[in-house]
Amino acid sequence: MQEMIKERVLTLINEGAADRVLAWETGEFFYDRTPKFFDKNNVNDLKYDSFCGANVTKYLIAEMPKEGKTIVLVKPCDSYSLNQLCTEHRVNREKVYALGVGCRGKIDVEKLRTMGIKGITAITEEGDTLTVSTLYGEKKVARKDALLDKCLCCKGKEHKGVDEVIGDSEETSVGDKFEMVAKLEAMTPDERFEFWRGELSKCIRCNACRNVCPACSCIKCVFDNPKSGVDNKAAADDFEENMFHIIRAYHVAGRCTDCGECSRVCPQGIPLHLLNRKMIKDINELYGDYQAGAEIGQRHPLTDYTLSDDEPSVVHERGGANA
Amino acid sequence: MSVNQEWTPNIVAFCCNWCSYAGADLAGSGRMNYPANVKIIRIPCSCRLNPLFVLRAFQRGADGVILCGCHPGDCHYSTGNYYARRRMTMLFSMLDYLGIERGRTRVEWVSAAEGAKFAATMNDFVKTITDLGENKKLEDLRCKK
Amino acid sequence: MSLTNTVTAEDLIRISGVDPSKCMQCGKCSGACPSYDEMEYHPHQFVAMVRKGQIEKLMASDAIYQCLSCFACLERCPRNVEPAKLIEAVRVAVIRQQGMNHMTANDIPEKLDEKLPQQAIVSAMRKYSK
Amino acid sequence: MWLFDEIVKFHITELEGQVNHMKYSYYPGCTLKTKAKELDRYGRLSAAKLGAELEEIENWQCCGAVYPQAEDEIATKLSAVRTLDAAKQKDQELVTLCSACHHVLKRVNDDMKNNEYVRTRANNYLKLDVPYEGETSVIHYLEMLRDRIGFDTLKAAVVNPLKGVKIAAYYGCLLLRPSGVMAFDDPENPTIIEDFIKAIGATPIKYSQRNECCGGYIAMEDKGAAQKRVDVILSSAKNAGADLIITACPLCMYNLDANATESVLPVKYFTELLADALGVKEED
Amino acid sequence: MQRIGVFVCWCGSNIAATVDVKAVAEAAKHEPGVVFSTDYQYMCSENGQAMIREAIKEHRLTGVVICSCSPRMHEATFRKTAVSAGLNPYMVEIANIREQCSWIHKDMAEGTEKAIILARAAIAKVHLNAPLVAGTSPVTKRALVIGGGIAGIQTALDIADAGFEVDIVEKAPTIGGRMAQLDKTFPTLDCSACILTPKMVDAAQHEKINIISYAELDSLSGFVGNFTAKIRKKARFIDETKCTGCGICTEKCPSRKGLNDFNMGLNTRGAVYIPFAQAIPNVAVIDSAQCIHFRTGKCGLCEKNCSAGAIKFDQKDEILEREYGAIVVATGFKPIDASAFNEYAYSDSPDVVTSLEFERIMNAAGPTKGKLVRPSDGKHPHEIVFIQCVGSRCTEDATKGKPYCSKICCMYTAKHAMLVREKYPDVKVHVFYIDARTPGKNFDEFYRRAVEQYDVDYIKGMVGKVSVEQDHLHVQGSDLINNEQIHINADMVVLATAIEPDPTARALGTMLTASMDTNDFFTEAHPKLRPVESPTAGVFLSGVAQGPKDIPETVAQAGAAAAKVIGLLCKNELTCNPCVAHANEALCNGCSQCERVCPYGAITYEDKEVRSPEFRGIKRIAVVNGAICQGCGACTVTCPSGAMDLKGFSNSQIMAEVDAICR
């Protein structure tokens, strides 16, 4: 598929339909795929394979002042982020050629490590099986066991609003994405408090979640703005740890497409997506099903209302025993 | 939970200028008592209440935060309280999800004519917060006296 | 027999759940009362006299046994004062005292006739004795 | 009793598949087992004919016959709560026939729903597996006819329309007041029994005293006062042109019948006329 | 650093009785930035204000905190004081230590502690205040009056006489309202129509007044000075420009069963009708629900008989879009539905009537041509019972009725009693009353005349039941003075039913964002000092829409509302509220979320070159139109970057208050 993509990109550039492409290149390790802009001269270095989990759409924002049109490679999940960025005028859709690329789920090397596979030197795939070469020999792993968590609750393999699609996709979703949220909801408040203290106290405020998040695209974040009154660089205590994550989840509520990048990049392994997903679940339950980024121009639920919305006390009323 | 006899809750009430602040004034004109630990901050509309202010209040030592605005349909700016209603619902849900006591936050719609409701609401809220005790889960120890 | 315990207006207010200060003395209750002519004190007077603390007069009056419990006063009161509840509270305050039952099981046989339904007996015992 | 049950069963099997079949919990109350048997029997026969199955609450106790108005009366309300809870267990609406029982059950139910003081204490006494909080819906037989079966359905089921009979409906007080709790009909201008009379083919006679009290509760204590009330009511109905007066209350029945100084009008239970109109009366 | 002065008001003993004002002033002194602090008996008095002015000059104050009554009371006063001393008015903050402190607390220590905290919060806020300069917006010099009763007519006439255009929107086919239905007026007993109809004609003929009858307000947008209204002119199926009001169609119409609303349904009218002889506009209207043509497609007799060719069966509702600078609400009242009070047998007997029905019966142009007869059989009545307070003065937990006194019933009942006794001395008249409330010029004299001169039997007590008997109404009530239950066999019973706001008021209130009380009466901006203004700028109140009142009060209030409207329309431009939103260009992402929540469409976007540490180059940013923004702040919370902020209620100001309170 990678070669087909390269070929199509070159054609588009040569035809004058675009000037550059935003895609992935190989990073420090063989499985690293980092976002990069290519022109027709270096497009050959473009990578698209099972390691391309990263969502590159956010990088288009900085590209907007430039002349010409940019091709962006988007997996089905990335297409939602692109649409959301267009809705918010952060990306001008007219300056983008959205090239959908097929996806059958992306591989999480960390997961292989947690399986006890050390010293990985190469990974090849054939059908549903991965062959992992290590310093200590070869191991076979079922592909589905090595997928990123976000792929296990994929929104579906349909690209939304792209200009064309190359390659086929495969369904990777298993089970209910709100399962863990529901589990937390079923806990007592004290259990929940302990759970989140346990998680959020691990936060080192590296800001990776914020930097990767396509919805967290503010030119200057309130947490970096000394005039905002809430700025802080590093959480000094429990409150500030909570505060940062509450506000982050709140700021992206209704806008978060549930791309799962925040949790993917968290070096501490905090399940940050559970905060966003809680907001999504609430929105769906209280204001009707809503998927951010499903199309351009949507009015998100927190900038909308109906006359008969539930009162905030609904939060107190539901959940029964765990009041 | 604190068994400190001295402790009384500190409560911040954000009131929209048009209905609830006037309702609070009416409670005053009617000499309807409610505890002194409720302090009111006037905001133009319930939709002016930024979740940051709520968190800030807890950080600085509030034990309960209540937002009062015009009844849905009666907003001076037509739609402000509808947005506030969604925003606060989502914020309260998030706080609940983090295990913060549900009773610490509340929204009540109080019209300019409802002085008695204002006083009753405050009395009830103070009671709820007194029963809940000190805010421990969202405190910032550096801000404590 | 005489009343052994002092009953206050507060007791009656608590027992009845009635707030006599809501009354505006319009007299609609007494205008509606089917037992008016039988009663020494009328529904609006019960409210006024409880308010003024004139409890003994009420407790000594036969009027408390003349109320039919038909709730016409309560239904039609524009201020939801519920005089019927206050009258019942006075009656309850009387019969709850030692030896103050207005009717006892011994009184029943002479009042019986063949058609008299059980509920007349049960209700009379409930209303007039403790 | 055996025969009676058989008849009921017969009617149910006969009607199954034709009429929308409904099941209710049924509370007869003590008087309906003794002095007011006809109120009960005709009520059941007619219900069966109309496809409503009345399942008698097992081991029911007397409701107390009078609603204790004092806020601090708990013990006297408990037997009513047991009945209400029994209907809740079966997840059925509770149908009553006797106006006095209906009044007591409906008001105690309202207390259990809305009066925290009574609810907490009653539940503390009863120690039910699940506290009772007013979940049961209590309806009077007449409400079942009007709101569940429908007077139109009733009309269609009538085989002996009581043509030309001028009937005065006597509501009394217990069904109507206090209207906030009883929610039975307009307390000052009710129409349900008149509509019932029309449905069975007779002519309702409206008269001014139909919602005034007959004094039934004090009939034992002060016969004279009760007589006075009864005469006013009966003459009002008579002057309006009634041939007959009907009631749903055994206490009113007794009072109107036994305490009238002169016998001006016959008094009947509404269920008797209902059974007559439905053609189930002669079968008993 | 600001130089702040703190002024603590005693408000006589209103504050000083519960708050140690000296302690508050002393505590304020130790707050950062406070260079002057004092207390005084009445800060709002001329002396108090002079003290503030002097302190501003002497101590070169840059900010002022007044600890006093609610800012809703005197914020404007103290801002003016600041201006007169050369300080920007928005450098003044009020700490509300009366309504929200001294009046609700009893304990001095508690009250003082809270007052100090409230003062600190205000001081903390003032530190972050910045001088604000108000913008201006133009004023559309036309007023909209909603409702064409005596209130609306009088307001419109007064505004028009001052030279401004006025539109009256009336939902009925004619103006005139309730007053047109009345027979006589108290306490002078002059004929209602005789004094009203000339005013109706004046309004119709006034070159500045435009009557839009059979129309309702559909929607409203904008703000004071700049409202845009959409008015739905309902199809009356008559061409108003052609109809001459000859009335031939109304006579020819074969469908005669419509209830005559004007006569309170006491008689019937045709499907095409003119409500009453002096209707304005004097134009017929077709009730399409009743009209045979609309139901069957046949008939058309009116069309055939109209020589002017005015019948238009195909007429449709029409939407007029008009701009206004001010709006007057004069929607009036209706009597409550008496069928809620069937203990008085209203639904059972046609001889039990409401007072307004009785008014029509007594009126020479009414269904009986002014002859007093029993509606049931047309016979002359010999005994009439009037019952006052039907549905008034009921508690909110009662099953029915209104909690307020309807104010006019005592007087009109006395009027009715007197008129009956004057015209028919053989008729016995009883009035059941709870209290006879007759404050007003010549009112009590009027009521006493009914008792003394006309021998009306006033019975203190209420009726418990009215029973319909064969040939009479049996009235059973209590006579509290004689301590007896009385029974009267009457021929008629007249119920002085409570009045309630017109049912359209609630929806209108929502449309205008004008606040209402729990009874759906419009709320005034201040119960004493601003009785004809709604709290919503540009919306004024006239007549019973604001609360029960009689005709002279209504006319007086109508004139007062007109004066306020004229005061507004005289201005060429209005000073805007400077507490508006504004976007920080450097921080704005241009994401358009704020635009979505703005109720006024005050936010637009433009691509602009920005040079800031965060961003250099051209970017999309939000621009707030300060003349349109009303300062609600919805946008500020939607903005994730905090670029959008509200002047006067900025994020940092509110957080400073939070900090001061929680400290």
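Reply: In this predicted model, 35 residues of chain C are in contact with 36 residues of chain D, two residues being in contact if their C-beta atoms, placed from the backbone, lie within 7 Å. On the side of chain C that touches chain D, at least two residues each are supplied by α1 (9-16), α5 (63-66), α6 (72-76), α7 (83-95) and α9 (118-128) of chain C; helices (H or I, at least four residues) and strands (E, at least two) are DSSP runs, numbered from the N terminus. The largest share of that side, nine residues, comes from α9(C). By class, the side of chain C that touches chain D has 18 nonpolar, eight polar and nine charged residues, where Ala, Val, Leu, Ile, Met, Phe, Trp, Tyr, Cys and Pro count as nonpolar, Asp, Glu, Lys and Arg as charged, and the others, Gly among them, as polar.

Residues are numbered from 1 along each chain as its sequence is written, while chains are lettered from A and ligands numbered from 1 in the order in which they are written. Because the model is predicted, local features need pLDDT of at least 70 and side-chain atom pairs count only at pLDDT 80 or more, whereas totals for chains, interfaces and linings use all residues.

Chain D, the partner in this contact, is divided into domain 1 (2-141) and domain 2 (159-278), with bounds that come from an automatic or database domain assignment. The centres of these two domains of chain D, taken over C-alpha atoms, are separated by 23 Å, and 21 residues of domain 1 of chain D are in contact with 18 residues of domain 2 of chain D. To the side of domain 1 that touches domain 2, α2 (37-49) and α4 (99-114) of chain D each supply at least two residues, and by class that side has eight nonpolar, seven polar and six charged residues.

Another contact in the assembly takes 44 residues from chain B and 42 residues from chain E. The elements of chain B that give two or more residues to its side are α1 (20-29), β2 (38-43), α2 (51-59) and α3 (80-97), and α1(B) gives the most, with six residues. That side of chain B has 24 nonpolar, twelve polar and eight charged residues.

Chain E itself contains 19 helices and 34 strands, and its C-alpha trace spans about 90 × 65 × 40 Å along its principal axes. Of the 663 residues in chain E, 55% are buried, a residue being buried if 20 or more other C-beta atoms lie within 10 Å of its own, exposed if 12 or fewer, and partly exposed in between, with C-beta atoms placed from the backbone. Within chain E, 13 residues of domain 2 are in contact with 19 residues of domain 4, and the C-alpha centres of these two domains lie 30 Å apart.

The largest nonpolar core has 219 residues, and those touching the most other members are A:V72, B:V12, E:V6, E:V24, E:V65, E:C67 and E:A119; such a core is a set of buried Ala, Val, Leu, Ile, Met, Phe, Trp, Tyr and Cys residues joined through C-beta atoms within 7 Å. Leaving aside neighbours within four places in sequence, E:A119 is in contact with E:V6, E:V24, E:A28, E:V65, E:C67 and E:A95.
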